[in-house]
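Subject: Structure handover

Hello,

Please find the structure below.

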Amino acid sequence: MIVKIVSEKFDIPNSHTLKIAKEHGAYSALNTALSKSPEDIINIITESGLRGKGGGGAPTGTKWSLMPKKSDKPHYLIINGDESEPGTFKDRQILQYDPHLLIEGIIISAYAINAHEAYIYIRGEYKFFIDRFQEAINEAYAANILGNNSTLSHKVNITIHRGAGAYICGEKTALIESLEGKRGHPRLKPKRPEPEYYFGNPATVNNVETIATVPFIVENGASAYRQYGTEKSPGTMLFALSGHINNPGIYEMTYGSSLVEFINEIGGGVKNGKKLKAVIPGGASTPVLKADENLACIMLDYESMRSAGSALGTGGAIIMDEDTDMVEALKNLLEFYHHESCGQCTPCREGSGWVDNIVGAILDGVAQEKDLDTLLDVAKTMNGKTICVFAPAVAGVIEGFLKNFREEFENYISEGRFVKSPVEAIAEASCQTSLE
Amino acid sequence: MSNLVRITVNQKEIEAQSGANLLQTLLDNGIETPHFCYHEALGPDGNCRMCMVEIEGQKRPQIACDTFVEENMIISTKSNNIMAVKRSILELELINHPVDCPICDQAGECKLQEYYMEVGLYNSRLKTPKVTHKKHIDLGSNVMLDQERCVLCERCARFTTSYTKTDELGIIGRGDHAKISTMPGKKLNNPYAMNVVDICPVGALTSKDFRFKQRVWFMTATPSICQSCAKGCNIYIDHNQLKYETPVIHRYRPRKNLAVNGHFICDEGRLSFKEQNKDDFRGTYSKNLNINFKKAISKMQKLLKSESNHTLIVLSPSLLNEQIASVIQFSKIIGANVFCPLARYTDENFGDDILRSNDLASNRWTINALKIETDYNKFMDSLDSARLVINFNHKLLLNPERELSNKLTNKINVHFSEFECENRQDSEISFAYAPFSYVSGSTVNENGHLQQLNAALTPTEKKPDLLELIHIISEKKVSHTNEQIWQNEMKNLEVFNNINFSKIPLDGLSLGESNV
C-alpha cells in the first residue's frame, strides 16, 4: 500500500527550495520537538518502532538511547548518505526533492542525542545531490534555522563530507574512519552495545531516510507511524524497483506490502511481457529469490524476507526476467564485490577475488563440476569470520544463486554456454501457506 | 588490580588475568595459536582472522586477539571444526602468495610455512592466475619489500604509526590489490625502521643487510645485550661457523624484555654487529711489530715492576662488570690509579625518547657505582706524573686528540683493545682481546638493570679473553673466570656483593638507579 510520509513533497515542483517547502509544512515539527525533552523524543522514536532504513533495520530509538545522557565530550550526529548498494537509489531522492525534510530531521535528531554538530557523508558520485543539499543547507543557515545564530533553542551545524568512491564507507564504522581522515576500514565491533565514537567522542550514525522519517513521528506521535506496517516492522519505507520492470522508480509503501503486488501492480509487471525469473529484494547484497509459488507469500518486511531466506536490506528490488543469464548476473555482482572489498580481513580480501575468478572460469567454460564446491567452500569461509558484514553478504549472494539456480551453473560447466531454463508464470496473490 | 580467574583451554584449566587479551594469554601459556596481525607491542587489529578459537556459548568462532578473558570461559583451539576454519583461512592467505620459499629469505622463520605445516597441508585448489605485485621495492633504511609475499597484516604500518609515530607505511589499493607502500617519492626513514623486518611474519619485508647471506636454520641465536649505548637493549646474536672458516655474526635481532627495550632495538644497534666481525687486530704488538705473546707478557711484567708507583690505568666505561672488577683488582696489585673519563662516550644527537640514549657508555652505571674517577681534568692532571699508561680500550686514548696526544708521547703506552686503533705504532705493547660477543659476563644499563651476556663466538689465541690476559699478566693474582671473579673480586664491591651470578635471570635484575 502506498503511503507518503517521507516522499510527501516529492511531486511538488521546486519542493527543494525553502519557500516552497515551508509552504508545504517543512520545519513544522520543530516547535513540537524542541518543546519536548530529548528523552521524550527518544521515547517517542522507541515507541514508534522506527527501524534504520540503511539496510540493517536496527531500532533507531535503541541506538539513540546508547548515547550518554551526561558527558563532557561533544556528541555527534553522523548521517549516512553513502548510498552505494547496487539497486538502491532512495536517499538521493530525499536529497533532491525534499532536502529541508532531512535538515528538519537532523535538527530534531541532534537535539535528541544532544549533538550540535551533524556530519552528512554523501557518496562522492552524488555531485548533483550534494550541491542540491548544500543549497538547502545554505538557505537554512540564511534563515537562521541552522548555525550558531539560529533562532532555535537547539543550535545545529551541518557539514557535508563527500565520499571518495568506496562502497565500504557505507559501513558505519568505516564511514567514521573515513570521516576522521583515515582509510575506510571497518572497526572491530564492541562486545557490548555502545555508541559509535568519532575521534573518541560519542556519535550516532543514521541513514538519510531514517532521519527524514523522524519529523513525521515526532509531530504526529508514535501511534500515527505505527498504524502503518506490521507489528515488528512498523511504518513505511522507500522501496525501489529496477531491472526488467515497466515502471522502475521509488515508491513509498508500508512494510508488509506484498512483493508480487509491488512488482506487478505498482511496477507494472515485467518488461516486454516476459515472465519473472528472480528478484534480488533489497539491494545487491541480499540473497536472490526465485520466482516460484512461494514468492507470492513474501511480504516487504524484515521478518517475512528473513524467513524466505533473504533480507529486506535497503528495499531496492532488482527484477530479472526469464531470459536472464544467472551466471552472468552473479559474475556481475561478484565483480562489484571484488572491486569493493576494502581488503582488511583475509577471507574477504582474498575470497572476494577468488569467487569472482571461479565464476569467471565458469562463464569462460573452463570450470569443472568440483569448482562449484570450491565456490561454496570459499563462501562458507567468508561467512561470519570477518569484521564487518561485507563478506557474509557476498557469501549470502553466492549461496542464494547456487541454491536457486545451481542447474544453470552446471549447464554452463557441461555445455559451456547459457541454457535457458523454463520459467513458470506465477499467479498473483496465490499464496496458500503462510511463511511466518 | 590483579584478578586471576580460571579458564579451560582444550580441556585443561589455566589461570588467567580477567579482562586480559585471550590470544596473549594463550601464547603466554604456551598454547600455539596461529596469528599474523596481532603483535604484543602493537596490539590486536583483527584483520588476519587466523587466531580463531571456539568459545563455548558463542555461535561462531571468535578471534582470540579481540576477546577478553572471562571467568569459566571454555575454549577450544584444536577441535576439528576450528582446525577446518583455520585451514580455510590459511588457504585464502596463500592463494595469492607466490610460494617462492626456495628463494625467500624468510624461509625457516616464516609464519605461513609454520602454519601450513600445522593446520594446512592441503592441495591447492586455485586454478585462476594469482594476483601479481611488485617483488623488490627498496623502501629505504635497508628494508626491501616484496608485495606479493605480503599478507597485509599491517604490523609494519601500525609500527610506524604507533611506535615511531613517523607514519611512513600504509596500504594503498583495495581488496586483493591492496598493498603496503610508502607515499609516492617518500622513503621509510626512521632510526627504528628495520624492526619492521622482524615483525613481518612473512617474507614481505626483508633486510637488505641480511638477505641472501645465510639460511636461518644454519644459525645459532645467542641471547646477549647490545653495547651501542647505555640502554642495554636485549638482543639475539645470530651467528654460525662454516667448516674451515672463521665464525661470523650475521645479524642482531631484538629480544623481548619489557623492563628494558620492549620488543625492539634501534637500527644503529642492530647494525653494530659488523664491528664485532672486524678482524683487523689480533695478537700482540710492540710499536708496529708483531711480537710473540710470551715476549709481550714478560715485557709487560717487567714494565709493571720498573714503573710501579708511576702507573696509571684508564678503562673504558663499556667494559663488562667482570672486566671492570678484574681491572680494579689488577690496579690494586700494581698500585695504580684508575680513571674512566667519560669524554667521547656521549652523543647529544643520538638519543631519543624511545630507546636510544645519548649515553654511549654501555656500563656507565657500574663505573659510577664503583666510584671510579670520571673527571677529565683530574685525569689530565694525574697524567703528568705518570710514566706508564695502561689503557683498557678507552676511545679517548685509542684515537687521542692533540692535547692528549702530546701528553702521551712522553709516556710508555700500553693498550688493550678490541679493534685496530690509530696510535698503535706509538704504544710500547698492544694486546688484542675479544670483544663482548666472544665472552659472557654482565653489564648494567643506565636504569640500573643488571643483565647477562652470553658468548656467541669463542675467544682465540690471537684474540683472548681480557680476563685471561689480566690473569696471566698478574701472575694469576686476579681470577680468570666469571664465577671466580664474582666469588672473589666482585664480593668486595658493595653493589654486587649479594648477587649470585649464576642466578641472574634472562631478562635481568633491577639494582635501582645509580645515585652518582
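How many residue pairs are in polar contact between chain B and chain A? The count is 20, with both residues of each pair at pLDDT 80 or more. A polar contact is a pair of N or O atoms within 3.5 Å; within protein, one must be able to donate a hydrogen and the other to accept it, and residues adjacent in sequence count only if both atoms are side-chain atoms.

This is a predicted model, where local features need pLDDT of at least 70, side-chain atom pairs count only at pLDDT 80 or more, and totals for chains, interfaces and linings use all residues. Residues are numbered from 1 along each chain as its sequence is written, chains are lettered from A and ligands numbered from 1 in the order in which they are written, and side-chain values use heavy atoms, with hydrogens and water left out.

**Confidence**

The predictor gives the complex an ipTM of 0.90 and a pTM of 0.91. Chain B has a mean pLDDT (the predictor's confidence in each residue, from 0 to 100) of 91, and 99% of its residues reach 70 or more.

**Between the chains**

Chain B puts 36 residues into the contact and chain A 35, where contact means heavy atoms within 4.5 Å. About 2800 Å² is buried between the two chains, 52% of it on carbon and sulfur atoms. Buried area is the accessible area (1.4 Å probe) that two parts lose on being put together, summed over both. Of the area that chain B buries against chain A, 25% comes from B:Leu92, B:Arg125 and B:Arg174, more than from any other three residues.

There are six salt bridges between chain B and chain A; the term means a side-chain nitrogen of Lys or Arg within 4 Å of a carboxyl oxygen of Asp or Glu.

**Within chain A**

The domain assignment of chain A gives domain 1 (18–226), domain 2 (237–321) and domain 3 (326–435); such bounds come from an automatic or database domain assignment. Domain 1 of chain A gives 15 residues to its contact with domain 3 of chain A, which gives eight. Taken over C-alpha atoms, the centres of domain 1 and domain 3 of chain A are 35 Å apart.

About 910 Å² is buried between domain 1 and domain 3 of chain A, and carbon and sulfur atoms give 69% of that area. Zero salt bridges are counted between these two domains, along with two residue pairs in polar contact.

Regards
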